[in-house]
Amino acid sequence: MSVREFAAEQLAASLLAGPWTERSLLDRARAVMRLTRVEITLDFIRALMAGCTTDYPPSPAQIVAHCLASPDFGPFLRHEGGNGRRVAPSLDSPRFRPTPIVQPGSVPTLATLGELADWLDISAAELDWFSDAQRQHGNAMTAPLQHYHYQFVAKASGARRLIEAPKPRLKQLQRRILHDILDRIPPHEAAHGFVGGRSCRTAAQIHVGEAVLLAVDLQDFFVSTPLRRVHGIFRSLGYPWAVARALTGICSTMTPAPVRAKFADWSQRQRLATPHLPQGAPTSPALANLAAFGLDVRIAGLARAVEANYTRYADDLCLSGGPDFTRRIDQVLDVAGSIIRESGYSLNSAKTRIMRRGGRQQITGIVVNDHCNLPRDAFDRLKAILHNCATRGPADQNRAGHADFRAYLGGRVAWVEQINPARGQKLRDIFDAIDWN
């Protein structure tokens, strides 16, 4: 290793040992390099920060590469009698540095990969394996080498959705990260999906009785969530770069080539080939909500500007309002589309809907014209299925081949009970009369 490379590594370690702000970076750089030319130092720091395109500090390797490529890095090193250049070694160890939003003791203090492995009760080698440290999972050709079970589910549009369900040990690790870390971070108040105490009903209630509703849909919500933002979530909690990288790796995946080859669409295969949040992992909903915080802030600000309401239920965004919102609906849609694209997502134009009072206003499967209610046709279909189960037997109605048809129907009845208790009770009475034997 050359003196220049050694100096770059020491500077990288020092810069990552504290807050990622211009003043703090400048002070640490001057201390570790014993600098005399302050103006060059400031230019160098500003160039480093400008070159960081992520929402969190770069990796040590990225800082080293920036140093070695920068013409301003040479003057940082002081000659001493021609015997080489003097560099003060960085003795700072990685530290857990929570931001002010993190309550003391609310999340585990993990400063090193060893501490993370101990907290997860796995070995260092297992941590590398489950976090896919070498990013080799996309090349895993056989099931024993793959971390997930794969299942294709048909969408209403006829397309296929890939469910990537983690195998038991990985799921156990993800659940611990979810319960002990992610559940401690509140999402934006506009997020109603996958949030305790909120639901599709709480989202729908906000839009009841409005003159017009604008509903837009994000395409491939989990797969399209920028992974740099997921890493940034863990970094913002105070975890050092390497720990945040491992946590991100445990919660993300690259779909193996044999699985993604089943998609005819090239762009879909490319998205699955890159690291992404798997739809089916327990951590994905919480991470997707937190990663969309910036999107929610901007759309909520847009809504306030036009005196509108805003909610997001997973990938379904809805704005509603009165006269001012109605007059500017086309402009709002254009601005919302720009915000969505700038936030790293894609708008599913086929699902964009503008719903006025004269017709049915429906979001997340709930009609909201005057009060929250189930669409009449959906209620009638479910009632007919339950009636046929009671008169002909459940097997005759299980045409989709549900493994637990009783639980499936019971869930649908419970959902109706949440939306309209009176209607739900009628369905519950029929359900209870079914002979499941």
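**Helix packing, buried sites and cysteines**

In α18, Arg376, Phe379, Leu382, Lys383, Leu386 and His387 meet Arg423, Leu427, Ile430 and Phe431 of α20. By class, the residues of this contact divide into 6 nonpolar, 1 polar and 3 charged. The model is predicted. Helix α18 spans residues 376-392, and helix α20 spans residues 421-432. Two packed helices are described by the angle between their axes and by the distance between those axes. For α18 and α20, the angle is about 15° and the axes lie 9 Å apart. Angles under 35 degrees count as roughly parallel. The two helices, α18 and α20, are therefore roughly parallel to each other. Their crossing, α18 with α20, is left-handed.

Helix α14 was examined next. This helix covers residues 284-291 and is mostly covered, with 8 of its 8 residues buried. The buried residues of α14 are Ser284, Pro285, Ala286, Leu287, Ala288, Asn289, Leu290 and Ala291. Several elements contribute to the cover. Among the helices that cover the buried residues of α14 are α7 (168-180), α9 (221-224), α10 (227-236) and α15 (293-305). The cover of these α14 residues also includes β6 (308-313).

Ala244 sits in helix α11, which runs over residues 241-250. The relative accessible area of Ala244 is 0%. Buried means under 20% relative accessible area, so Ala244 is buried. Leaving aside residues up to four places away in sequence, Ala244 touches His231, Phe234, Arg235 and Tyr239. Ala244 and Leu110 are 134 residues apart in sequence. In space, their C-alpha atoms are 9.6 Å apart.

The cysteines complete the survey. The count of disulfides comes to 0. A disulfide requires a pair of cysteine sulfur atoms within 2.5 Å. For Cys318, the closest cysteine sulfur is in Cys372. The sulfur atoms of Cys318 and Cys372 are 11 Å apart, so the separation is too far for a bond. Cys318 is buried, with a relative accessible area of 4%. Cys389 is buried as well, with a relative accessible area of 2%.

Terms used:
Residues numbered from 1 in each chain as written. Predicted model: local features only at pLDDT ≥ 70, side-chain atom pairs only at ≥ 80, totals over all residues. Heavy atoms only, no water. Buried < 20%, exposed > 50% of the residue type's maximum accessible area, 1.4 Å probe, protein only. Axes fitted to C-alpha atoms, helices over the stretch in contact; angles between N-to-C directions. Helix = DSSP H or I, 4+ residues; strand = E, 2+ residues; numbered from the N terminus. Parallel < 35°, antiparallel > 145°, perpendicular 65-115°, else oblique. Left-handed = near helix turned anticlockwise from the far one by under 90°. Contact = heavy atoms within 4.5 Å. Nonpolar A, V, L, I, M, F, W, Y, C, P; charged D, E, K, R; others polar.
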